[in-house]
Amino acid sequence: MFPGIPMLNYDVVVIGGGPAGMAAAVRAKELGLNVLLLDENDYLGGILPQCIHPGFGLHYFREELTGPEFAARLAKRLVELGVEYRTAARVMEIRNYSDLEKVVIFTSPSGAYQAWAKAIIYAAGARERHAFEIGIVGDRVAGVYTAGEAQTLMDIYGVMPGREVVIVGSGDVGLIMARRFALEGAKVKAVVELMPYPGGLARNVMILRDFDIPLYLSHKVVEVRGRGRVEKVKVVKVDENLNEIPGSEFWIEADTLIISAGLVPSVKKLTAIGVEIDPSTGGPVVNDRLETSVPGVFVAGNALLINDLVDYVAEQGELAAEGAKEFIENGGIGSRKWIRVEKGENVRLLAPHRLSGERDVYLYLRVARPMEDVELRIPEVGKRVKLSLATPAEMLRVKLKAEEIRNSEKLTVEVVRE
Amino acid sequence: MTKTYRFTCIVCPLGCSIEVRIEDGKVVGVTGHTCPRGKEWAVEEATNPKRVIMSVVPVEGGALPTVSVKTADPVPKELIPELMKFLMELKLEAPVEIGEVVAEWNGIKIVATRGA
């Protein structure tokens, strides 16, 4: 108890008002739970309101939407259902007193609160990797942004971050920002990719051709120089082991450097209460209800693992809400035994990690390297799924039926040649 | 004059490598596709590429300083710079409803994708 801080009571507190959190809150409310949604931004939607390009919602809404449209649909359902939510609410701390007694301490424009709940759904998303994290050295100058920062400036505030741009990373986010800069009249001088292949989906790689943007594969940006503002960046070629090749350096003149070097699940508030983390996803170890190693704490969306489709993020939110319902009703998520899921050949990461075998489940996974004409196999149960192409850029999602896996001790997932 | 275009098809996740050969402005050969939809897409991509375009437009009196917009239909690629110029001069006033047609350009509707 925290004397002097107003106390609120809920069945579930959802942390994060992006697609995972909104879908979770909507589902929890539909299931009859008393729910509070918290988000630290001034508006709901997470990063979606700034993702103004189309390509969202084909699975979840069976319609192609832009990010803001996807967010608006979920927000509308949230409001129609009367879900209680607070924006500009910053979570200071989570405490776990017992399985059915948890407290979320948060501040908001109207003061600090302690929200008590039986279950927590953590959907705080991910953070972007920044320049120092990928070993870029040099001057501390203006004009270095992560892709998301540049996107917020352009597509929320209408401010152009720069005119001559170098982008680090050819994943979907980097390519989409290359297009935004090019459309708005900036010169995108290069997209620099460490790996020997582009990191994004084919539809986004096409952007480079649309705007005649040079792509440097097997290259990295190592240094940024300028007085006050970025003036030039140093690029170097790397060999197949990603080691820099001496003498291959060259400079590109630019006033802006955009870092799009991947996302990392935000899990600090979870590790603080002892949630076990999977080093390969960067997110928590979870069971098939997306419950973490701390009973009654669920996780969904990019805080669980980095997704490439918002549809899966929303799906995970709903699943976590169903988990919370079961947890509250039965005082825990039960299973006669847990089936371990392990990474086999060419699988870089996967979730969930423990399956009950009592319900159908989606496995989400990414491969380690691109391969054509492969099969996803789970030898223990003789499961085989043919895939014409598997690349690290694209998350694979596979449905396992309860009756397929029920009698297994352990499942090994591998992606191998036919 | 023969010109060959190579595309990675984006119609479905298969990602076929499709080649389209064009002679004197006419399609003379398409190879690499595995379905009719892919063939159709590649031919269109080689002869008349179009894109749905998105941007943001400043808005007075809204919760955020901009409203995001998209074209209701795909725009021929060579007209994109002209469209962007048009959008850069646009200014809106709140209230703007999501889905509202906020402007029209050469018969193409500009639709708000965020409210304000």
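**Two chains in a predicted model**

A:N346 lies in the loop between β23 (339–343) and β24 of chain A, where helices (H or I, at least four residues) and strands (E, at least two) are DSSP runs numbered from the N terminus. This residue has a positive phi of about 60° although it is not a glycine, and at 6% relative accessibility A:N346 counts as buried; buried means under 20% relative accessible area, exposed over 50%, and partly exposed in between, with a 1.4 Å probe and protein chains only. The model is a predicted one, in which local features need pLDDT of at least 70 and side-chain atom pairs count only at pLDDT 80 or more, whereas totals for chains, interfaces and linings use all residues. Residues are numbered from 1 along each chain as its sequence is written, chains are lettered from A and ligands numbered from 1 in the order in which they are written, and side-chain values use heavy atoms, with hydrogens and water left out.

Chain A has 8 helices and 30 strands. For its 418 residues a compact globule would have a radius of gyration near 22 Å, and the value for chain A, 22 Å, agrees with this; the radius is taken over C-alpha atoms, and the globule rule is 2.2 Å times the number of residues to the power 0.38. The C-alpha trace of chain A spans about 65 × 60 × 40 Å along its principal axes, and 56% of the 418 residues count as buried. Of the contacts in chain A between residues at least 6 apart in sequence, 61% join residues at least 24 apart, a contact being heavy atoms within 4.5 Å. Chain A exposes about 17,300 Å², of which carbon and sulfur atoms supply 49%, the accessible areas coming from the Shrake-Rupley method with a 1.4 Å probe and, for residues, only the protein chains shown counting as cover. The mean positions of the 51 positive and 57 negative charges of chain A are 1 Å apart; Lys and Arg count as positive and Asp and Glu as negative, while His and the chain ends are not counted, and the place of a charge is taken as NZ of Lys, CZ of Arg, CG of Asp or CD of Glu.

A:D373, in strand β27 (residues 371–378) of chain A, has a phi near 50°, a positive value in a residue other than glycine, and A:D373 is partly exposed, with a relative accessible area of 45%. A cis peptide bond, with omega about -5°, joins A:A351 and A:P352, and A:P352 is found in the loop between β24 (347–351) and β25 (354–355). A:V205, in helix α5 (residues 202–210), is partly exposed at a relative accessible area of 24%. When residues up to four places away in sequence are not counted, A:V205 touches A:L175, A:P198 and A:G200; A:V205 and A:L175 are 30 residues apart in sequence, and their C-alpha atoms are 6.8 Å apart in space.

Chain B contains 2 helices and 10 strands, which run β-β-β-α-β-β-β-β-α-β-β-β from the N terminus on. The radius of gyration of chain B is 19 Å, well over the 13 Å that the globule rule gives for 116 residues, so chain B is more spread out than a compact globule. Its C-alpha trace spans about 55 × 30 × 20 Å along the principal axes, and 40% of the 116 residues of chain B count as buried. Residues 24 or more positions apart account for 42% of the contacts in chain B with a separation of 6 or more. Chain B has 14 positive and 15 negative side chains, and the centres of the two sets lie 8 Å apart. In chain B, a cis peptide bond with omega about 0° joins B:A94 and B:P95, and B:P95 is found in the loop between β8 (92–93) and β9 (101–105).

Between the two chains, 27 residues of chain B are in contact with 27 residues of chain A. The area buried between chain B and chain A is about 2,200 Å², and carbon and sulfur atoms give 65% of this area, buried area being the accessible area (1.4 Å probe) that two parts lose on being put together, summed over both. B:I10, B:M54 and B:R114 supply 24% of the area that chain B buries against chain A, more than any other three residues.
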